[in-house]
Amino acid sequence: MASKAERASDAVIIAAARAIISADYVIGLTGAGISVESGIPPFRGPGGLWTKYGEPPMNGYQIFLADPKKAWEDRIRRQNDELWGPLRVAEPNPGHRALAELEAMGVLRFLITQNVDDLHRQAGQSALAEIHGNWKLIRCIECGARFRAEDIRLETLPPPCPKCEGLLKSDTVAFGEPIPPDVLAQCVDHAARADLVIVAGTSATVYPAAGFALEVKQRGGILIEANLYESEITPVCDMSLRGPTGEVLPRLVAAVGELRRARLS
Ligand SMILES: [Zn+2]
């Protein structure tokens with residue numbers, strides 16, 4: 001286990017930046033660790049939301065489908081819960097902004113996140129797949145359209161899809177619910193093209209997210225990890241940048257920028 005004081009050296013940051021600018025197609029994979037620094041508590045572990053409130057049922061999707069009206073009533077009743085508080089006030093941190101900058105530089109082609117907190121979008125990331133959904137959105141489980149929650153009228157529950165009258169639910173993916181096929185297809189497509197993955201703030205042990213990184217590795221691609229601690233994916237990573245993602249990712253992106261400027265001059 002890495003000690004808390006461990007920090008990536010400049011040498012390893014520069015080595016990672018070199019690998020990134022030499023790669024043909026760079027994608028990213030992020031998880032809860034990147035949002036902890038924005039005050040979003042993790043689900044599991046000490047202080048975790050599920051530790052405090054109990055794990056959601058493993059068949060949450062089936063419960064929703066069995067009684068969507070009740071699921072919507074529960075959702076409306078729980079909107080002022082402490083559970084939602086951190087999501088309302090959270091803002092992107094330097095880690096989110098660094099990845100958005102890497103995209104703006106034309107280096108990061110696509111980002112897969114397991115987070116539902118909307119912070120990558122707020123940071124300006126546009127080539128983005130939120131594989132577990134986005135807490136601010138409502139999704140039609142029939143036509144797949146997404147809507148902002150505030151745009152959905154709640155006179156009848158469950159509210160009908162404005163496009164197809166289909167069944168609407170929160171965009172966040174419940175246990176037992178398949179990853180929405182449009183999002184999954186995008187991830188498969190970009191992972192198939194990738195030759196380097198930046199794995200940030202996640203142990204990448206939750207499937208299908210882990211599979212995208214491991215698949216790139218198996219094809220001979222490079223995995224660069226940015227994480228506070230060693231994790232289950234560390235042994236297969238080519239480089240590990242130890243430290244808070246809010247510190248390590250800005251250093252990495254600055255190094256990528258410097259190397260690119262040096263190449264162009
Ligand atoms: Zn619809």
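Is the crossing of α7 and α11 left-handed or right-handed? The reply comes below, after a look at the whole chain.

This is a predicted model, in which local features need pLDDT of at least 70, side-chain atom pairs count only at pLDDT 80 or more, and totals for chains, interfaces and linings use all residues. Residues are numbered from 1 along each chain as its sequence is written.

Start with the overall form. The protein has eleven helices and nine strands. Helices (H or I, at least four residues) and strands (E, at least two) are DSSP runs, numbered from the N terminus. The C-alpha atoms fill a box of roughly 60 × 35 × 30 Å, taken along the principal axes.

Next, the domains. Domain 1 covers 1-40 + 92-132 + 179-265, and domain 2 covers 43-89 + 137-170. These bounds come from an automatic or database domain assignment. The C-alpha centres of the two domains lie 28 Å apart. Six residues of domain 1 are in contact with five residues of domain 2. Contact means that the C-beta atoms, placed from the backbone, lie within 7 Å. On the domain 1 side, the touching residues divide into three nonpolar, one polar and two charged. Here Ala, Val, Leu, Ile, Met, Phe, Trp, Tyr, Cys and Pro count as nonpolar, Asp, Glu, Lys and Arg as charged, and the others, Gly among them, as polar.

Now the helix pair. The axes of α7 (residues 94-104) and α11 (residues 245-264) come within 7 Å and cross at roughly 25 degrees. Axes are lines fitted to C-alpha atoms, for helices over the stretch in contact, and angles run from 0 to 180 degrees between N-to-C directions. The two helices are therefore roughly parallel to each other, a term for angles under 35 degrees. Their crossing is left-handed: the near helix is turned anticlockwise from the far one by less than a right angle. From α7, the contact residues include A98, L99 and L102; from α11, they include L249, P250 and V253. By class, this contact has eight nonpolar, three polar and one charged residues.

Two backbone details remain. A cis peptide bond joins L157 and P158, with omega about -5 degrees. P158 sits in the loop between β5 (146-148) and β6 (168-170). D118 has a positive phi, near 75 degrees, in a residue other than glycine. D118 lies in the loop between β2 (108-113) and α8 (119-123).

Key:
Two residues are in contact if their C-beta atoms, placed from the backbone, lie within 7 Å. Angles under 35 degrees count as roughly parallel, over 145 as roughly antiparallel, 65 to 115 as roughly perpendicular and the rest as oblique.
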